[in-house]
Amino acid sequence: MTDLNTLKYTAEHEWVALDGDVATVGITDYAAEKLGDVVFAELPAAGTTVSAGQVCGEIESTKSVGELYAPVDGEVVEANTALDDDPSAINADPFGDGWLVKLRVDPGAVAGLLDRVAYLALTGGAE
Amino acid sequence: MTHPEPRFTPLRERHEALGASFTDFGGWSMPVRYTSDLAEHRAVREAAGIFDISHMAEFLVAGPDAGAFLDFALSGRLSTIADDQAKYSLVLDTTGGIVDDVIVYRQHAERFIVVANAGNRHAVATAFAERIQGRDVRVEDWTDRIALIAVQGPASPAVLADTTEISGWTTPLGELGYYRMAHADFVPSPGAEPVPVHIGRTGYTGEDGFEVFVRTEDALAMWDALRRAGEGHGLVPAGLAARDTLRLEAGMPLYGHELSLDVSPVQVGLGRAVARGDDDFVGRSALAVEAAGRPVLVGLAAEGRRAGRAGYAVRDENGAEIGVVTSGALSPTLGHPIAMALVAPDHAATGGTLSIDVRGTLVPATVTELPFYRRTK
């Protein structure tokens, strides 16, 4: 089980887990709940360069379309292709099997994102 | 007359206890899903779902001229349907545009109930008031007096049969036909006096099912009774998200998407809801001179998983915009994208290939007859 307090967050409801210079990115449980059942995720291919705040993918539910914003500058090293067959992991396990992309990043940029407390304050939630 | 704050149905506390997500719809705060809209959709196709549709507007139409009034105020001939029969109809304006689509239930020759969409409650009330024109009929808005609960799916007859709090059916459940209504007695709590309820074999999912009309003050008891009876039949609470994908698969129009003041019945395949012959009704003269060449409603089926959604452009082989998607989703039952769209009539032939502009990507789509899904009887 991921310790959610160790993750960083964005105002666009993404979470970021940093391991060395590789950041794993997904959407939060709050975002997944708001979207409803995800039926399709379009993710950037490995090698794609993304810049902070830029739309780099789409997450579609039966009811709506959500955009995936790059949380920081980076290069895609891997997209979660398991979601092609079973995007429901984004709802069932948003902080685990439902991860979206891994980016090679400047670790310092990740440090500037929101911490858990700040993110929960943003969504009006609390632990 | 509009409510600035969304209203809640009498079943709000049940939805909140179930952890529902809410959405604003037609001026009401309604459950959009409880857990998973796909699971709720599947339950209705394979077992049964229970929906709170108490936001729907109900009008009592009563009096010696009730039938004649409805024949004039609506597009179809309602005066001649049988007692306890239901009929789909339209409220048109003088230009032939659609003010609302409704279901009319006849209790007897001088008493009908009209069920209208929540968001059109006031438009329908206004139209009805204007169309009485001296007839001996009274029209009362009973929306706040009636709660409406739908039980839909192949297991829905078993759920109703096992609801022991409902008895005294005027037509036995097994003999109640589609688009027919029965009346029964409901005991809201042990030892309480029975209250009358009305049960229509109608729905908006493409499955067998029932819509239960109950007094607002008995809504919680009815919800609980139906859920208890449904425990052994796979009955799950289902929200508006599932209701929308179910009706889309069944090719059923939704006001504000397929239907509006800007389209006439024939454009959207509802010519059957318009009376033939000499009947005089509001909108008739405009329909008689309707110009050819207006867009028509078609089904579109695509491959892959990217769905066209309401408002997306439909393009021909040259990329020219020839229509617009009115509703679309990845069909949970069929596993591929489906949509309804208003397209130029020369592109409406079944089997033709068009494309949907999905946020800049052209997704090929085949013109398909509606509905996309038809239950096996």
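Here are some friendly notes on this predicted model, point by point.

1. **A cis peptide bond.** Start with the backbone of chain B, where the peptide bond joining B:L370 to B:P371 is cis, its omega being near 0°. As background, most peptide bonds are trans. To find the spot, look in the segment after β20 (361–368) of chain B, where B:P371 sits.

2. **Positive phi at B:Y179.** B:Y179 is not a glycine, yet its phi is positive, at about 60°. For context, most residues other than glycine have a negative phi. You will find B:Y179 in the loop that runs between β10 (166–167) and β11 (181–186) of chain B. Is this residue buried or exposed? B:Y179 has a relative accessible area of 18%, so it counts as buried.

3. **Positive phi at B:R359.** Another residue to check by eye is B:R359, a non-glycine with a positive phi near 50°. B:R359 belongs to the loop between β19 (353–358) and β20 of chain B. Its relative accessibility is 32%, so B:R359 is classed as partly exposed.

4. **B:T205 and its surroundings.** B:T205 is located in the loop between β12 (195–200) and β13 (209–215) of chain B. Its relative accessible area is 0%, so B:T205 counts as buried. Which residues does B:T205 touch, leaving aside those up to four places away in sequence? They are B:V44, B:R45, B:F51, B:Q152, B:L246, B:A250 and B:M252.

5. **The cavity.** Rolling a probe the size of a water molecule over the atoms shows where empty space is left. How many cavities of 30 Å³ or more does a search of the whole structure find? The search finds one, and the volume of the largest cavity is about 40 Å³. Residues lining the largest cavity include B:L300, B:A301, B:A302, B:P337, B:I338 and B:A339, along with B:R306 and B:G308. Both β15 (296–302) and β18 (337–343) of chain B contribute at least two residues each to this lining. Sorted by class, the lining of the largest cavity holds nine nonpolar residues, one polar and one charged.

6. **The second largest pocket.** This pocket has a volume of about 280 Å³. In chain B, β7 (111–116), β12 and β13 are the elements that each give two or more residues to its lining. The largest share, three residues, comes from β13(B). Among the lining residues of the second largest pocket are B:R111, B:I113, B:W142, B:R145, B:P196, B:H198, B:F213, B:V214 and B:R215. By class, the lining of the second largest pocket divides into seven nonpolar, two polar and three charged residues.

7. **Where the chains meet.** The size of an interface is often given as the accessible area lost when the parts come together. Here, about 1,400 Å² is buried between chain B and chain A, and carbon and sulfur atoms account for 42% of that area. Which three residues supply more of the area that chain B buries against chain A than any other three? They are B:R305, B:R306 and B:R309, with 39%. In terms of contacts, 17 residues of chain B meet 17 residues of chain A.

Technical notes: Residues are numbered from 1 along each chain as its sequence is written. Chains are lettered from A and ligands numbered from 1 in the order in which they are written. This is a predicted model: local features need pLDDT of at least 70, side-chain atom pairs count only at pLDDT 80 or more; totals for chains, interfaces and linings use all residues. Side-chain values use heavy atoms; hydrogens and water are left out. Helices (H or I, at least four residues) and strands (E, at least two) are DSSP runs, numbered from the N terminus. Buried means under 20% relative accessible area, exposed over 50%, partly exposed in between (1.4 Å probe, protein chains only). Contact means heavy atoms within 4.5 Å. On a 1 Å grid over the protein atoms alone, a cavity is a set of points where a 1.4 Å probe fits but cannot get out, and a pocket is an open set with protein on both sides within 12 Å along at least five of seven lines; lining residues have an atom within 4 Å of a point. Grid points are joined across faces, edges and corners, and a volume is the space filled by probe spheres set on the points. Ala, Val, Leu, Ile, Met, Phe, Trp, Tyr, Cys and Pro count as nonpolar, Asp, Glu, Lys and Arg as charged, and the others, Gly among them, as polar. Buried area is the accessible area (1.4 Å probe) that two parts lose on being put together, summed over both.
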